[in-house]
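Please follow the residue numbers along the structure shown below.

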Amino acid sequence: MNVKLIRIDYRLIHGQVVTKWVKQKNINHIIVINNELASDSFMSDIYEMAAPSEVSVDILHVDQAIANKDDLGDGNILIILKDVKTAYDLINNGFNIEELQIGGLGGENDSVTILPGISVSQNDINLLEEIKNSCKRIYFNTLPSEPVMEIDDVINKYNKNRK
């Protein structure tokens, strides 16, 4: 198992992932971990079709990912999560996440825009604060060519700019 990238992106499999991250990281296996999508075969099929034909896609419930955390499959793997809560749940159940990239978070009422396409809420900040000691690195990055923000800079920006 060769996990190349673990990314939080509320859009899951979409153009940026397919055109930029899959190519940059030489991905040939995408794993989406999302309970709602894993329970919806119609929507799962749509997301599977969004990936290039040479990239296999698995869509798992959180419990399935935890149960199989040491053997999620072959190839160069991109794991995509929809939200910070999923990363929190995985980590608190023994799923090792050394590096976590946040590439797209939708806004809630108290959200602060950190980078274009990435807004964090107080709930996101609270969860990230709890998991940051479990990860070697948490950073925010929409595209390979765009700027990167480290978690401490994000927390500072959120605290400075919140409503």
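## Salt bridges

In this predicted model, the side chains of Arg-7 and Asp-9 are joined by a salt bridge with an N to O distance of 2.9 Å. Both Arg-7 and Asp-9 are buried. A further salt bridge links Asp-9 to Arg-11, where the closest N and O atoms are also 2.9 Å apart. The relative accessible area of Asp-9 is 0%, whereas Arg-11 is partly exposed at 25%. The count of salt bridges comes to seven.

Another salt bridge pairs Lys-85 with Asp-89, with the closest N and O atoms 2.7 Å apart. Because these two residues lie four positions apart in helix α5, about one helical turn separates Lys-85 from Asp-89. Lys-85 has a relative accessibility of 41% and therefore counts as partly exposed. Asp-89 is likewise partly exposed, with a relative accessible area of 22%. Returning to the other group, salt bridges with shared partners connect Arg-7, Asp-9 and Arg-11 in one network.

Gln-101 is located in strand β5, which spans residues 99–104. With a relative accessible area of 0%, Gln-101 is buried, since the cut-off for that class is under 20%. The side chain of Gln-101 makes a polar contact of 3.3 Å with the side chain of Tyr-139.

Leaving aside residues up to four places away in sequence, Gln-101 touches Leu-5, Ile-6, Arg-7, Ile-8, Trp-21, Tyr-139 and Asn-141. One of these contacts, Arg-7, is the buried partner of Asp-9 in the salt bridge described above. Another, Trp-21, belongs to the buried residues of helix α1.

Which residues of helix α1 are buried? In this helix, formed by residues 15–24, they are Val-17, Val-18, Trp-21 and Val-22. These residues lie on the same side of α1, because they cover an arc of only 125° around the axis.

The buried residues of α1 pack against strands β1 (2–9), β2 (29–33), β4 (76–81) and β5, and against helix α3 (41–50). After α1 comes Asn-26, which has a positive phi near 55°.

## Helix α6 and its cover

Helix α6 comprises residues 122–131, and its buried residues are Asp-124, Ile-125, Leu-127, Leu-128 and Ile-131. Their arc around the axis is only 165°, so they are placed on the same side of α6.

The elements covering the buried residues of α6 include helices α5 (84–91) and α7 (151–161). Strands β5, β7 (118–120) and β8 (137–140) are also among them.

## A nonpolar surface patch

At the surface, Phe-42, Met-43, Ile-46 and Met-49 form a nonpolar patch. Together these four residues have about 420 Å² of accessible area.

With a relative accessible area of 30%, Met-43 is partly exposed.

Technical notes
Residues numbered from 1 in each chain as written. Predicted model: local features only at pLDDT ≥ 70, side-chain atom pairs only at ≥ 80, totals over all residues. Heavy atoms only, no water. Buried < 20%, exposed > 50% of the residue type's maximum accessible area, 1.4 Å probe, protein only. Polar contact = N/O pair within 3.5 Å; in protein donor to acceptor, adjacent residues only side chain to side chain. Contact = heavy atoms within 4.5 Å. Arc of directions from axis to C-beta. Patch = residues over 30% accessible without salt bridge, like charges linked within 9 Å, V, L, I, M, F, W, Y side chains within 5 Å. Areas by Shrake-Rupley, 256 points an atom, 1.4 Å probe, with all protein chains shown as cover.
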